[in-house]
There are 4 protein chains.
Amino acid sequence: MLEQLKEKVFKANLDLVKHHLVIFTWGNVSGIDREKGLVVIKPSGVDYDTMKAEDMVIVDLQTGKVIEGNLNPSSDTPTHLELYRAFPEIGGIVHTHSTYATAWAQTGKDIPNIGTTHADYFHDAIPCTDDMTQAQMPDYELNTGTIIVDKFKKKHINWNHTPGVLVKNHGPFTWGTDCDNAVYNSVVLEQVAKMAFISLTINPATTMNPLLIEKHFNRKHGPNAYYGQSKK
Amino acid sequence: MLEQLKEKVFKANLDLVKHHLVIFTWGNVSGIDREKGLVVIKPSGVDYDTMKAEDMVIVDLQTGKVIEGNLNPSSDTPTHLELYRAFPEIGGIVHTHSTYATAWAQTGKDIPNIGTTHADYFHDAIPCTDDMTQAQMPDYELNTGTIIVDKFKKKHINWNHTPGVLVKNHGPFTWGTDCDNAVYNSVVLEQVAKMAFISLTINPATTMNPLLIEKHFNRKHGPNAYYGQSKK
Amino acid sequence: MLEQLKEKVFKANLDLVKHHLVIFTWGNVSGIDREKGLVVIKPSGVDYDTMKAEDMVIVDLQTGKVIEGNLNPSSDTPTHLELYRAFPEIGGIVHTHSTYATAWAQTGKDIPNIGTTHADYFHDAIPCTDDMTQAQMPDYELNTGTIIVDKFKKKHINWNHTPGVLVKNHGPFTWGTDCDNAVYNSVVLEQVAKMAFISLTINPATTMNPLLIEKHFNRKHGPNAYYGQSKK
Amino acid sequence: MLEQLKEKVFKANLDLVKHHLVIFTWGNVSGIDREKGLVVIKPSGVDYDTMKAEDMVIVDLQTGKVIEGNLNPSSDTPTHLELYRAFPEIGGIVHTHSTYATAWAQTGKDIPNIGTTHADYFHDAIPCTDDMTQAQMPDYELNTGTIIVDKFKKKHINWNHTPGVLVKNHGPFTWGTDCDNAVYNSVVLEQVAKMAFISLTINPATTMNPLLIEKHFNRKHGPNAYYGQSKK
């Protein structure tokens, strides 16, 4: 069942290691089949070097029930499902503890959009969620999704144009059109987080002209995008 | 004698190199056979690339005498033995000069618990020991153990829940259920030390909600832990 | 057509990856045949691991028209052409988003000349361009070249003696006698940017004696240069 | 002539690359035959990946004249010779532009002795030289040696116990009993420089108890040293 998606999600999980975004079992990638309403996700706490494509777990988008698989799905599965339900256009989600993005998440601060590298992939600052309330704690993983969605809705951030978030004191989640695109965005986020750390240490007053943000974002993602070979 | 433990301790020492926690001879791993009261430890000042499993030295837990082995045991052996005697549940100990944990140790400050990566493995701040007194200096390695144990007892820190320490101006020690688990905790400590450095440079006021610490620690280590495959 | 230059530019593009200056498609190298008035440049948005020498695109120096090639040239082509037109001695140009140089570019600050590593290759501070005006935005890539050239002319900086620049909020461009020399200068710039970040974090008052700048620059580039084997 | 020393110095030069202390041609190692009064040193500006043992140049300790070799010796040769003449016990010298040590050199500040990693190999702070005077500039490389020697003599620093220095705005030199030991000390210096940067960013008031410095230095280098296997 969903063999192709399982293979793709499996490989995307290994890409996290290749891009130095995770050590041990500290990350997970999922992908969704929107027609079937099924999500394929990494099993919980399994080493990347022994993991196989058939270890991927299939869960139901609405109920979270395991549909196929012998292993527990990632403990972060309820977060993934909440994001898939709230952001209907996304096809893949990544969670890591990558160094610089996680360090920013720990601070509780948004990563400001101060460079074209950021603006090429994320239109807005990478938002950091608010503290979870005590009442939300018992459903921790589900409500991690809730506080992400709340942040985007409250701040009117377009989740397709800013495909990532920092969960306060925890770490980043990114998403994309599919799981590979979500991994790509995780790599960008880590790089952007590192450069913002350096820039703001050099010059705490660093900002970027909003016109430049629009120019760069639209050069790649606007209706008249002209970067790459697709418009040839 | 203890061939299996020697092989395991030997491999754990090499893992320090693999994880980029040591260069040259700057680290050591030991493991204990509690029933026999014997500790297996790396020899002193031997290069990792020429070291063999049979070079591991067996010493007596109580007396520190070499029971088997042609080489001097690590000069840090008295520290290891003091920790094994004071912390009866631990099965392995690691000492490194890993970059960020050592830099924190040099500052004399605890690494505050400001992220879930930290809380997943260490319940409290990673404590930094006090200065050794002049009277303690002649028995330097033994008293390195003493000041570690004193810090945990004085601050009422559970050493099984916070399996690591910074020795002031020197570097980190970690421990665990066995030597592999102690190495794992050394990798985590270095990563946590790096991220705390970045977070506090960005935002010196960084803190974490204590409820989140409890949630994350217990998700992996509490009576109702549900991370990984063990509760399947 | 220009097979040798295409091969050379292709290899120089791969060198960016080898020197860890680019990930994904975030960089481009070009080289010029001054006699023919033709520029060879990387295609836009093509992965480095599938790219071939024959994918290089040939464009006209004056008109920017594609003379040969099946792919779109780099979206930064108009910037390269403007630099080739304004700086008549240069033979190759490199653009990257290398971490430390880009972080400096984001701050809007010049990288001060505070070390002999810098002075060995760049006589002056690495200048950072001014903000592009709203009127310049529609011709963004061309005017990226314009604001670079303006900065060098307004500040009377010799572009052959300071073969690199930071484009504000964007990233570095370097150039050289040919594309390999431009790549070399990109590597130096990234290293110089990293060291300046560290030095100024340690001591914000860091400066260098101007006599030392002259000495080091002239040791390698002055009329009586004596570094290396060429004066043997 | 001196084939064994040339082979050893050649390999030590390659070790700089292996330990990530140099890129391109930015470093040099020499070794001395005290009986013959001859120094073997890397040629100037030659790439590490094409360099061969027979490219090493032999120069006279007193006159600096090339005794054997087809290539120019390192442009830093007069600095090496001055150090060999002033520090009669040393057998090898290394110069690099390693990132953190060079960044410290740029600041003009000594690297304070704030950790046992430092004290294990360098008894005192790593001193940074004063500015060279205008009168000294014409004999730049020779006087780089002079200002190093002046610093050690003026501050009464034992060069055998603190085998390294920062040349202001330039970079580190280290030395040792032979060229391999000098390379070892370069690796330690870079690591110590990085950790001091991190520590002082976290806590600008970081210091170390002088008793601990004595303890660690003597544990490895004192008359009753007990680290390693030599006292077995």
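Guide: Let us begin with helix 1 (residues 3-18) of chain B, which lies across strand 1, strand 2, strand 3 (57-60), strand 4 and strand 5 (92-96) of chain B and runs at about 155° to strand 1 of chain B. Helices (H or I, at least four residues) and strands (E, at least two) are DSSP runs, numbered from the N terminus, while angles run from 0 to 180 degrees between N-to-C directions, the axes being lines fitted to C-alpha atoms, for helices over the stretch in contact. Helix 2 (residues 77-86) of chain B also packs on the sheet, where it touches strand 1, strand 2, strand 3, strand 5 and strand 7 (171-176) of chain B, and its direction makes about 40° with that of strand 1 of chain B; contact here means heavy atoms within 4.5 Å.

A word on the basis of these values: this is a predicted model, in which local features need pLDDT of at least 70 and side-chain atom pairs count only at pLDDT 80 or more, while totals for chains, interfaces and linings use all residues. Residues are numbered from 1 along each chain as its sequence is written, chains are lettered from A and ligands numbered from 1 in the order in which they are written, and side-chain values use heavy atoms, with hydrogens and water left out.

The sheet of chain B is an open one of seven strands in the order 4-3-2-1-5-7-6, with antiparallel pairing. Strand 4 (66-68) and strand 6 (164-167) of chain B stand at the edges with a single partner strand each, so one side of each has no neighbour in the sheet. On average, and with direction ignored, neighbouring strands of this sheet are turned by 25° against each other. Within the sheet, strand 1 (residues 27-33) and strand 2 (residues 38-41) of chain B run antiparallel and are joined by four bridges, two strands being counted as paired if DSSP finds at least two bridges between them. Ile32(B) stands opposite Val39(B) in strand 2 of chain B.

Chain D lets us look at a strand 1 residue by residue. Seven of the seven residues of strand 1 (residues 27-33) of chain D are buried, so this strand is largely enclosed by the rest of the structure; buried means under 20% relative accessible area, exposed over 50%, and partly exposed in between (1.4 Å probe, protein chains only). Gly27(D), Val29(D), Gly31(D) and Asp33(D) point one way from the strand, and Asn28(D), Ser30(D) and Ile32(D) point the other way. Strand 1 of chain D runs antiparallel to strand 5 (residues 92-96) of chain D, with five bridges joining them, and Asn28(D) stands opposite His95(D) in that strand 5. Strand 1 of chain D also pairs with strand 2 (residues 38-41) of chain D, in the antiparallel sense over four bridges, and there the bridge partner of Asp33(D) is Leu38(D). The hairpin of these two strands has four residues between the strands, and in it Gly37(D) takes a positive phi near 70°.

In chain A, Phe173(A) has its place in strand 7 (residues 171-176), and this residue is buried, with a relative accessible area of 0%. Leaving aside residues up to four places away in sequence, Phe173(A) touches several others, among them Thr79(A), His80(A), Leu83(A), Ile93(A) and Val165(A). Phe173(A) and His97(A) are 76 residues apart in sequence, yet 9.1 Å apart in space, C-alpha to C-alpha.
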